[in-house]
Amino acid sequence: MTQSWQFWALLSAAFAALTAIFAKVGSDFATLIRTGVILVVVVGIVAATGQWQRPTEISGRTWLFLGLSGLATGASWLAYFRALKLGDTARVAPIDKLSIVLVALFGVLFLGEKLNLMNWLGVGLIAAGALLLAVF
């Protein structure tokens, strides 16, 4: 069970939900502290699992996309935590989860991935559900 992607995806969802609840009472400075904690934890995991490698072993293209990913993550966190400060978690989180819809669209548009009719129905239902939760 712990080797299935479904297990880890559900665990991710649970931790993401807790992050929203804990972040509601935080601040921008708290986001900095949280990021530092994440850095320490990930360094520990990489070291403990023997996945450490020299930065020179990473290609320039990979560095570029890692940098862009980091910028996108930081912008996402700042926007999400600001939205949590201004709105109710039960309304902010569903809008944030529209990222699922965007990932599906971007995967099709930019990565050439294919979605069948049932997949598109699921994407539409996620979008409709997020909007229903956030707007009404």
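Analyst: Helices (H or I, at least four residues) and strands (E, at least two) are DSSP runs, numbered from the N terminus. The model is predicted: local features need pLDDT of at least 70, side-chain atom pairs count only at pLDDT 80 or more, and totals for chains, interfaces and linings use all residues. Residues are numbered from 1 along each chain as its sequence is written, and side-chain values use heavy atoms, without hydrogens and water.

User: What volume does the largest pocket have?
Analyst: A pocket is an open set of points on a 1 Å grid over the protein atoms alone, where a 1.4 Å probe fits, with protein on both sides within 12 Å along at least five of seven lines; lining residues have an atom within 4 Å of a point. Points join across faces, edges and corners, and volume is the space filled by probe spheres set on them. The largest pocket is lined by 17 residues. Its volume is about 710 Å³.

User: Which helices each supply at least two residues of the lining of the largest pocket?
Analyst: Ser12, Phe15, Ala16, Thr19 and Trp77 lie nearest the centre of this pocket. By class, its lining has ten nonpolar (Ala, Val, Leu, Ile, Met, Phe, Trp, Tyr, Cys, Pro), three charged (Asp, Glu, Lys, Arg) and four polar residues (the others, Gly among them). At least two lining residues each come from α1 (5-23), α2 (28-48), α3 (60-86) and α5 (99-111).

User: Which element gives the largest share of the lining of the second largest pocket?
Analyst: The second largest pocket holds about 300 Å³ of space. Its lining includes Ile38, Leu39, Trp52 and Trp63. By class, the lining has ten nonpolar, two polar and no charged residues. The largest share, five residues, comes from α2.

User: Which element gives the most to the nonpolar patch?
Analyst: Such a patch joins nonpolar side chains (Val, Leu, Ile, Met, Phe, Trp, Tyr) within 5 Å, from residues with over 30% relative accessible area. Leu102, Leu105, Phe106, Leu109, Phe110, Leu111 and Trp120 form it, with about 760 Å² of accessible area together (Shrake-Rupley, 1.4 Å probe). Six residues come from the top contributor, α5.

User: Is leucine 105 buried, partly exposed or exposed?
Analyst: Leucine 105 sits in helix α5. Buried means under 20% relative accessible area, exposed over 50%, partly exposed in between. At 32% relative accessibility, leucine 105 is therefore partly exposed.

User: What separates the C-alpha atoms of arginine 34 and alanine 23?
Analyst: Arginine 34 is in helix α2. Its relative accessible area is 22%, so arginine 34 is partly exposed. Arginine 34 and alanine 23 are eleven residues apart along the chain, and their C-alpha atoms are separated by 9.4 Å.

Methods:
Patches are made of residues with over 30% relative accessible area and no salt bridge: like charges are joined within 9 Å, nonpolar side chains (Val, Leu, Ile, Met, Phe, Trp, Tyr) within 5 Å. A salt bridge is a side-chain nitrogen of Lys or Arg within 4 Å of a carboxyl oxygen of Asp or Glu. Buried means under 20% relative accessible area, exposed over 50%, partly exposed in between (1.4 Å probe, protein chains only).
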